[in-house]
Amino acid sequence: MEPIIKIEKLEKSFGSLKVLKGIDLEVMPGEVVCIIGASGSGKSTLLRCINLLEYADSGHIWFDGKDLMDLNTNLNALRQRIGMVFQGFNLFNNKNVLDNCTMAPMTVKKIKRQQAEETAIKHLKGVGLGDFINADSRKLSGGQKQRVAIARALCMEPEIMLFDEPTSALDPEIVGEVLDVMKKLAAQGMTMIVVTHEMAFAREVSDRVVFMDNGVILEQGSPKEVFGNPKEARTREFLSRYLEDK
Amino acid sequence: MKKLVNFIKRDHPYVYLTGAVLGALGIKMASMQPSQLSFMGSSPAIYILAGICGLFILMALAALAVKLSRWKSFSATAFKSPAMLKVSRYFSYLLCVAVLLLFIDRPLMSFAAMANSSSSADSMPDGFVPSMFYLLHNGATFFRMGIWTTVRIALLGTLIAFVLALFMVTLRIQKPDRQDNDLVRFLKYIGRSFASIYITIIRGTPMMVQALIFYYAGFGIFKGTGMSVTEINQVWSFFISGLITVSLNSTAYLAEVLRGGIESIDHGQTEAARSLGMTNWQTMIKVVFPQAVKNSIPAIGNEFIINIKDSSVLSVIGCMDLMYATTSVSGIYFKALETYCIAAVFYLIMTYFSSLLMKAISRKLDTNVKELPSSN
């Protein structure tokens, strides 16, 4: 089987600060990969480079066999197939919940309103927000906003979903409702790359855990390997902070 | 309504003091000479109303005497009993009505009578305010035409400027994209520079100078096509050139307003739209502009109000706005100060009501929705 995403020697600097120092990563279809690591280790930047919200300086990103770094690649066409969920939700403030979900399918894929709304309602019900389709997106709680954001991404029927710390802006009581939706999505076989600080989630749901430190992938493997018996001292040190109280 | 009932039922402080002052004013007004328009004249009604004022003053004096003699135990006296408080309260309401009636009958009606007689006078009456009424009445055609022109120029000018500003700000915010070829990069650079230079020049020069330049430039262009002066005046009228001046001037200011509005939109909105596969252009049209315009509405309303006032400089090119009309009236009657005071009042009325309207619109559109303070 071909990997859906293949990253090779990816490098990225912000000014003089080198954030990514040669990243190699492959993600297979249907795989759930969690990227963990300390803040500033380059996790989010890596994720944002995958759908070109940041342009990497050098290296290659192949998505379904097409090189995203090639200047002739139609990025908008590929971005449609890559869903993204942000830490800050980023719901469109000028739209209600349903319109948030139907806007992109209608403008980008030219789908008829009725059909787009049916799809949207299906996905909104899937994240447990069937009763909120006409709500003002600004007035929802954080957890509800993030679930709308997931439904919005799903409405484009992406082949892979990127999650950029989806629960970091939520209070501990609300985190669960978003993680449940993500677990359900993983169970349905969605390919997912999740940048997260939720170690329990990473341990339970992911097929592979990637530990990033200081711009490189230091260690990767099954959750059992990484959490159970980390090879690198830095991984052990990082995880001890999270696992102490378990 | 409920508020009013509550107000009437509530005890108020300083009833005697305020009542006594009002009563004194009432008696003073009742002793004024009745004007032609006075509806009570010297009838007994006046004496009854003045009597109410007098009675209240007497009651207030009595209260004062008791208060002075029993400084410490005043609250134990009859004046502080609930019944007396109630009586004094309702009496004070009666007093208010009486003073209001007196006010309408004497000062207000004499003012109206003065305005009436000055307006219909055959020659300029004496005194500042009577002259103003005389000028207002005799120059009414001028003022009406001037106000109508000013309103049209401000309204149309702001609308046209808004549309142009949308184009201008679109040019202004063009940034070269990673995938653009050299031609697109060059065009974007040209567009951005044009917008930036335009905004700098327009904002850095007075509108009066712009008006003169546009007028004479337009005149010259039409002259070049071989038209006669009469023909040019029909096409390139003072109104049209004034309107174009205001529009082009406001475009620069509104473009900056809109740019501020666009920059105030969270970058995450753009990222979310782009991550869904929307193009830069679709993102602008569907996500950024609607929010930016909505946020800019108070500032756009402000620009409209500024245009009402600043269109006065168009009188230099002979545009028949309120300022030009005022100057004409003052030239006819040789009363400059009075005429310009009338113009000031008209401008004030226009700007004040426009600002009320703008506030109502922003409230209706809910421009600043209060978001929950926490991210959750």
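This is a predicted model: local features need pLDDT of at least 70, side-chain atom pairs count only at pLDDT 80 or more; totals for chains, interfaces and linings use all residues.

Reader: Where is the place of A:K9?

Author: A:K9 sits within strand β1 of chain A, which covers residues 5-14. Its relative accessibility is 56%, so A:K9 counts as exposed.

Reader: Let's zoom out. What does the secondary structure of chain A come to?

Author: Chain A has nine helices and 10 strands. The radius of gyration of chain A is 18 Å, which agrees with the value near 18 Å for a compact globule of 246 residues. Its C-alpha trace spans about 55 × 50 × 40 Å along the principal axes.

Reader: How much of chain A counts as buried?

Author: Of its 246 residues, 55% are buried. Chain A exposes about 10,500 Å², and carbon and sulfur atoms supply 47% of that area.

Reader: And the charges in chain A, how many are positive and how many negative?

Author: There are 32 positive and 34 negative side chains in chain A, and the centres of the two sets are 4 Å apart.

Reader: Now chain B. How many helices and strands are there?

Author: Chain B has 14 helices and zero strands. Its radius of gyration is 32 Å, well over the 21 Å that the globule rule gives for 376 residues, so chain B is more spread out than a compact globule. The C-alpha trace of chain B spans about 95 × 70 × 30 Å along its principal axes.

Reader: What share of chain B is buried, then?

Author: For chain B, 39% of the 376 residues count as buried. Chain B exposes about 21,100 Å², with 70% of it supplied by carbon and sulfur atoms.

Reader: What about contacts in chain B between residues at least 6 apart in sequence?

Author: Of those contacts, 73% join residues at least 24 apart. For chain A, the corresponding figure is 65%.

Reader: Tell me about α14 of chain B. How far does it reach?

Author: Helix α14 (residues 336-365) of chain B has 30 residues and reaches 43 Å from its first C-alpha to its last, close to the 44 Å expected at 1.5 Å a residue. Its buried residues include B:I342, B:Y347, B:M350 and B:M358.

Reader: Which helices do those buried residues pack against?

Author: The buried residues of α14(B) pack against α5 (128-138), α6 (140-172), α12 (280-310) and α13 (322-333) of chain B. After α14(B) comes B:D366, with a positive phi near 60°.

Reader: And α13(B), what covers its buried residues?

Author: The cover includes α5, α6 and α14 of chain B. Among the buried residues of α13(B) are B:L322, B:A325 and B:V329. The helix α13(B) has 12 residues and reaches 17 Å, close to the 16 Å expected at 1.5 Å a residue. B:F334 follows α13(B) and has a positive phi, near 55°.

Reader: One last spot. What does B:A272 touch?

Author: Leaving aside residues up to four places away in sequence, B:A272 touches A:F86, A:N90, A:F92 and A:R152. B:A272 is in helix α11 (residues 267-275) of chain B. It has 0% relative accessibility, so B:A272 counts as buried.

Note on methods: Residues are numbered from 1 along each chain as its sequence is written. Chains are lettered from A and ligands numbered from 1 in the order in which they are written. Side-chain values use heavy atoms; hydrogens and water are left out. Helices (H or I, at least four residues) and strands (E, at least two) are DSSP runs, numbered from the N terminus. The radius of gyration is taken over C-alpha atoms; the globule rule is 2.2 Å times the number of residues to the power 0.38. Buried means under 20% relative accessible area, exposed over 50%, partly exposed in between (1.4 Å probe, protein chains only). Contact means heavy atoms within 4.5 Å. Accessible areas come from the Shrake-Rupley method with a 1.4 Å probe; for residues, only the protein chains shown count as cover. The expected span of a helix is 1.5 Å times one less than its number of residues. Lys and Arg count as positive and Asp and Glu as negative; His and the chain ends are not counted. The place of a charge is taken as NZ of Lys, CZ of Arg, CG of Asp or CD of Glu.
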